[in-house]
Every structure is written in structure tokens, then in C-alpha cells.
Amino acid sequence: MKDTFELATLSVRAGQRRTELQEHSEALFLTSSFVFDSAAQAAARFTGAEEGFVYSRFTNPTVSMFQDRLAALEGAEACVATASGMSAILAMAMALLKSGDHVVCSSAVFGATVQLFSGVLARFGLQTTFVSPTDARAWERALRPNTKLLFLETPSNPLTEVSDIGAIAAVAKKGGALLAVDNCFCTPALQRPLALGADLVIHSATKYLDGQGRVMGGAVLGAKALVMDGVFGFLRTAGPTLSPFNAWVILKGLETLELRMLAQSERALELARWLERHPKVARVFYPGLESHPQHALAGRQQRAGGAVVSFEVKGGREAAWKVIDATRLVSITGNLGDVKTTITHPATTTHGRISAEARAAAGIGEGLIRLAVGLESTEDLKADLSRGLG
Ligand SMILES: *Cc1c(COP(=O)(O)O)cnc(C)c1O
């Protein structure tokens with residue numbers, strides 16, 4: 001018997017704990033609290049002198065199984081599950097940062113993440129500088145004596161820019177700061193940021209970890225000292241907790257994570273190649289394409305290109321909306337990470353609230369379309385997109 005297992009095995013087996021009933025499938029514990037044998041046991045559980053479950057704001061067996069399985073997949077010492085991806089980022093910041101600290105953040109992160117750092121957390125005295133995701137020297141120049149955290153997402157949304165995790169981890173180390181990577185787009189099936197030098201991994205479990213668009217969830221992973229002594233304490237006190245039901249749904253989603261990520265990446269690559277040859281398409285953004293500026297880096301860092309493909313159609317907003325409106329199969333929705341393919345026009349939805357100049361500077365044109373490829377047949381998806389491409 002091996003003492004270490006491959007990702008496929010961990011996805012199905014890691015973290016499971018059975019009750020004395022020996023149930024085969026992971027059990028769903030819908031209970032807010034746990035009963036003690038005695039007052040002395042209650043006291044020991046509360047101080048942590050005795051291990052065991054207390055109250056589902058911070059301890060629940062179904063949530064623990066999800067945390068342990070995801071920790072095994074990311075190769076992390078510890079994992080704390082949260083109610084959503086945004087509450088994972090909030091919990092990390094509240095636990096590990098304080099007023100007067102400085103954060104360096106990729107300029108190409110999820111919109112709500114920008115709002116969280118530059119809006120909500122700025123009101124509590126946190127300073128944030130935004131820099132290019134692909135220029136490691138810009139990260140180094142942005143360092144200040146009070147820089148405590150570097151934060152990035154790779155590949156980025158919607159242009160799939162790839163950050164060099166190892167190079168930026170070296171910058172963080174030099175600056176005495178932590179590097180946190182939002183691993184939403186790749187998941188541990190394709191990329192393991194901790195092995196590349198990151199200190200913390202963030203997940204929106206709402207996306208590919210569930211994978212079927214059903215529930216909200218999130219997680220923070222990393223060394224015990226950061227996650228258990230820091231983030232867990234914040235969660236226990238402030239309560240942005242993952243519900244046991246959602247944990248159970250996502251735990252089952254993890255069982256097919258590798259299969260889904262590889263199959264969806266394969267479909268995305270086929271569609272990206274097809275779009276690149278299409279006369280009505282000006283440019284395709286996908287790390288798996290040889291034309292992608294960080295194709296070689298993505299090849300070293302990721303096992304596959306991921307499921308998100310963006311493309312610029314000729315003819316601006318009118319042409320882009322025509323493609324979107326002509327679809328009958330693909331869902332017009334801002335979400336991603338589903339086995340159902342979704343399509344969106346970033347300039348007027350996810351990136352609609354920023355100025356036209358800022359959008360242009362970020363490379364998000366009026367003709368840009370983001371496709372989050374699911375598990376449908378690529379022939380059916382091509383037919384659906386062809387209708388509006390004319
Ligand atoms: C969706 C998303 C988030 C936020 O997650 P929620 O679960 O919606 O709170 C964070 N980062 C990335 C990259 C995302 O796509």
C-alpha cells in the first residue's frame with residue numbers, strides 16, 4: 001500500500017470519516033451543535049484541550065471532510081471553509097492584516113476583489129497598489145516597508161493573462177510579505193500554487209469545485225500557523241461559515257474535479273483553435289494556444305489551459321451582442337465554473353462599472369466575449385456560436 005496517493009484517488013477518498021454506522025457515502029450533518037457527555041467534557045471541548053465538535057459556526061463533520069479533502073488536493077497543511085469565495089478573501093485579510101498595512105494586488109482580479117481591497121478594507125486603513133499580473137518587476141517596485149500581502153489570480157479574467165507564481169513568490173519572500181493566489185480558474189486539478197511558492201490559496205468553491213452551479217462556498221488554504229491560528233480564529237468569532245449542506249454538495253463535486261477540468265480544458269482548446277481560424281474573429285485569448293503571450297509559462301505552471309476562452313469579434317459591441325443573442329444552447333450569464341457553457345460580454349457586464357478608458361487600458365474591448373466552456377459536445381457549441389458569427 002502506498003502512503004501517498006495521486007490526485008484522482010485523493011479527490012474521491014481523502015478526508016472521509018465514517019460514523020459507527022459505517023455509511024459508505026459521506027454523511028450530511030445538519031446540526032447546529034453537538035452534545036457532551038459531561039460538564040467537564042464541554043469545558044475541555046471549548047478550550048480545545050479535547051478534540052471534537054462543538055458548534056457548526058466553526059466545527060462540523062461534513063465541513064471538516066470538505067476541508068480535509070481540498071487540503072489534500074492542494075497539498076496544504078490546513079484549510080478553512082467559508083460561505084463564499086469573497087468571504088474567504090475577507091477572512092484572510094481580517095485575520096492576517098491590520099490597519100496601516102499595504103497590499104500589492106494584480107490589476108486583473110475579480111471585480112468584487114478590487115472593491116473589497118480598494119473600498120471596504122481601505123475604510124479600515126489598508127492600502128492597496130494594483131500592478132500588472134504579468135510584470136514581476138512591477139510587483140517588486142510596488143513593495144513598501146509595510147507591504148504584508150501580494151494577491152493574484154492566474155489565469156486572469158477575462159483575458160487569461162498568466163502570472164509567474166514562482167517569480168512573484170520570490171518577490172514576496174524578498175519583501176517579507178505573503179503571497180496569496182486565487183486558484184479559482186485552474187483548481188488543484190490543473191495548478192498547485194503552494195508547490196510553486198505561494199503561501200496561501202483562495203478558492204471560490206462556487207465555481208469549478210462544485211462544478212455544477214448549485215451552491216456558494218469558499219476556502220483559504222496554507223500552512224497551519226496562518227490558517228488555523230489566523231483565519232480559523234476569525235471564522236470562529238465572526239462567522240462567515242460554510243453551511244454543512246453546501247459543504248456536502250461541494251465535497252461530492254470534488255470527486256469529479258479532475259475529470260471535469262481535463263474534459264472542459266480539452267473542449268476549450270478545441271473551441272479556441274476553431275475560433276482562431278474563424279474569419280469574423282480578430283483575436284483569441286487562451287493559454288493553451290501557441291499565440292498566447294504566456295503560452296510557455298502556462299505549459300510549465302498548469303496541467304491544461306482551463307475552461308475559459310475569450311475572443312474578440314470584428315465589429316465591436318454590435319457584432320459581439322449578435323453572437324451572444326444568437327445562441328440557443330449556451331447560457332447568457334455572468335457565472336462560470338459550470339458544466340453548462342456560459343457566455344458573457346465583459347465590457348457591459350462584469351467590467352461595465354469601470355470607465356471606458358480604464359477598460360481600454362485593461363484590454364477589454366467592445367468586441368470581447370468570454371466563454372466558460374462546459375461539457376456539451378464541441379460540435380453543438382460550434383454550431384451555436386456560428387449562428388451569430390455569420
Ligand atoms: C467568483 C469569483 C470569486 C468570488 O467568489 P464567490 O463565491 O462568488 O464569492 C473570487 N475570485 C474569482 C476568480 C471568482 O471567479
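**View 1. Phe36 and Phe46, a pair of rings.** Buried means under 20% relative accessible area and exposed means over 50%, with partly exposed in between. Phe36 has 22% relative accessibility, so it counts as partly exposed. Phe46 comes out at 48%, so it is partly exposed as well. Keep in mind that this is a predicted model. The two ring centres sit 6.3 Å apart with their planes at 70°, so this is an edge-to-face pair. Phe36 belongs to the loop between α1 and α2 (39-47), while Phe46 is in helix α2, so the pair ties together parts that are ten residues apart in sequence. In total, the count comes to five aromatic pairs.

**View 2. The whole chain, for orientation.** Step back and you'll find 15 helices and twelve strands in the protein chain. Its radius of gyration is 21 Å, close to the 21 Å that the globule rule gives for 390 residues, so the chain is as compact as a globular protein of that length. Along the principal axes, the C-alpha atoms fill a box of roughly 75 × 50 × 40 Å. Of the 390 residues, 53% count as buried. Take the contacts between residues at least 6 apart in sequence: 73% of them join residues at least 24 apart.

**View 3. The largest nonpolar core.** Nonpolar side chains tend to be buried together in soluble globular proteins. Here, the largest such core has 37 residues, and Phe66, Leu70 and Leu221 have the most contacts inside it. Elements giving two or more residues to this core include the helices α1 (7-13), α3 (61-74) and α11 (257-277), along with the strands β1 (78-82) and β7 (218-222). Helix α3 hands over the largest share, six residues. Domain 1 (7-254) and domain 2 (257-389) both give residues to the core, so it lies between them.

**View 4. Around Phe66.** Let's zoom in on one residue of that core. Which residues is Phe66 in contact with, leaving aside its neighbours within four places in sequence? The list runs through Ala81, Ala205, Gly218 and Leu242, and then Ala247, Ile250, Leu251 and Leu254. Phe66 is also one of the residues with the most contacts inside the largest core.

Terms used: Residues are numbered from 1 along each chain as its sequence is written. This is a predicted model: local features need pLDDT of at least 70, side-chain atom pairs count only at pLDDT 80 or more; totals for chains, interfaces and linings use all residues. Side-chain values use heavy atoms; hydrogens and water are left out. A nonpolar core is a set of buried Ala, Val, Leu, Ile, Met, Phe, Trp, Tyr and Cys residues joined through side-chain atoms within 4.5 Å. Buried means under 20% relative accessible area, exposed over 50%, partly exposed in between (1.4 Å probe, protein chains only). Helices (H or I, at least four residues) and strands (E, at least two) are DSSP runs, numbered from the N terminus. Domain bounds come from an automatic or database domain assignment. Contact means heavy atoms within 4.5 Å. The radius of gyration is taken over C-alpha atoms; the globule rule is 2.2 Å times the number of residues to the power 0.38. Rings of Phe, Tyr and Trp (its six-membered ring) pair if their centres lie within 6.5 Å; planes under 30 degrees apart count as stacked, over 60 as edge-to-face and the rest as tilted.
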